[in-house]
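Subject: Structure for you to look at

Hello,

Here is the structure I said I would pass on. Please open it next to this email and follow along.

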Amino acid sequence: TEDFGLYVVNCFDTFFAAKALRYPALSLAHLVRMHCGVVLDKKHQLSDWRQRPLPEEMLHYARCDTHYLLTAYDCIRRDLWKSLGKEGLENVLD
């Protein structure tokens, strides 16, 4: 995807990775619960994120929502490699 003058390669999408692994649910909340044992509060998932400045409550939500992302990524990437090999891992990279 090209946007803001940037071209992103090898973007790992947890949704498509979870789908390739046939996980029972594809949401970040499920992945974090499954791999990190943490239940995320999804209260602001559908909030209007265009507003500025963001209220403190929404900033807290965003911090919590991304805190476990790298740990979940490592676990999902490992599962992809074990289950589907290099090709499976490459298939979820954009």
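Below is what was found, from the overall layout down to single residues.

Please keep in mind that this is a predicted model.

Overall layout

The protein has 4 helices and 2 strands. Following the sequence, the elements come in the order β-β-α-α-α-α. The C-alpha trace spans about 45 × 35 × 20 Å along its principal axes. There are 94 residues, and 28% of them count as buried. If you take the contacts between residues at least 6 apart in sequence, 54% of these join residues at least 24 apart.

Two helices that pack

Two packed helices are described by the angle between their axes and the distance between the axes. For H2 and H4, the angle is about 80° and the axes lie 9 Å apart. H2 is therefore roughly perpendicular to H4, since angles of 65 to 115 degrees are counted that way.

Which residues meet here? From H2 they are Leu28, Leu31, His35 and Cys36. On the H4 side they are Leu69, Thr71, Ala72, Cys75, Ile76 and Asp79.

Aromatic pairs

A search of the whole structure gives 3 aromatic pairs. Two of them are described here. A pair of aromatic rings is described by the distance of the centres and the angle of the planes.

One of the pairs is Phe12 with Tyr73, which is edge-to-face, with 4.7 Å from centre to centre and 80° between the planes. Where do the two residues of this pair lie? Phe12 is in the loop between strand S2 (6-7) and helix H1 (14-20), while Tyr73 belongs to helix H4 (residues 69-91). They are 61 residues apart, and the pair links distant parts of the chain. Are the two residues buried or exposed? Phe12 has a relative accessible area of 17%, so it counts as buried, the limit being under 20%. Tyr73 has a relative accessibility of 26% and counts as partly exposed.

Another pair is Phe15 with Phe16, again described as edge-to-face. Its ring centres are 5.2 Å apart and its planes are at 85°. Phe15 is partly exposed, at a relative accessible area of 35%. Phe16 is partly exposed too, at 45% relative accessibility. Phe16 sits in helix H1. One further distance for Phe16: its C-alpha atom is separated by 14 Å from that of Trp81, and the two residues are 65 apart along the chain.

Salt bridges

How many salt bridges does the structure hold? The number is 7.

- Arg50 and Asp48: their side chains meet at 3.0 Å, N to O. Arg50 is exposed, with 71% relative accessibility, and Asp48 is partly exposed, with a relative accessible area of 37%.
- Asp74 and Arg77: the closest N and O atoms are 3.0 Å apart. These two residues are separated by about one helical turn, because they are 3 residues apart in helix H4. Asp74 is partly exposed at 37% relative accessibility, and Arg77 is partly exposed at 33%.
- Glu90 and Lys86: the closest N and O atoms are 3.8 Å apart. Both residues lie in helix H4, 4 residues apart, or about one turn of the helix. Glu90 counts as partly exposed, at 43% relative accessibility. Lys86 has a relative accessible area of 51%, so it counts as exposed, the limit being over 50%.

A histidine in a loop

Where is His44? You will find His44 in the loop between helix H2 (28-36) and helix H3 (56-67). Its relative accessible area is 12%, and because buried means under 20%, His44 counts as buried.

The side chain of His44 is joined to the side chain of Glu57 by a polar contact of 2.8 Å. What else does His44 touch? With its neighbours within four places in sequence left aside, His44 is in contact with Trp49, Glu57, Met58 and Tyr61.

Where to start

A simple way in is to find helix H4 (residues 69-91).

Regards

Technical notes: Residues numbered from 1 in each chain as written. Predicted model: local features only at pLDDT ≥ 70, side-chain atom pairs only at ≥ 80, totals over all residues. Heavy atoms only, no water. Phe/Tyr/Trp six-rings, centres within 6.5 Å; stacked < 30°, edge-to-face > 60°. Buried < 20%, exposed > 50% of the residue type's maximum accessible area, 1.4 Å probe, protein only. Salt bridge = Lys/Arg side-chain N within 4 Å of Asp/Glu carboxyl O. Polar contact = N/O pair within 3.5 Å; in protein donor to acceptor, adjacent residues only side chain to side chain. Contact = heavy atoms within 4.5 Å. Axes fitted to C-alpha atoms, helices over the stretch in contact; angles between N-to-C directions. Parallel < 35°, antiparallel > 145°, perpendicular 65-115°, else oblique.
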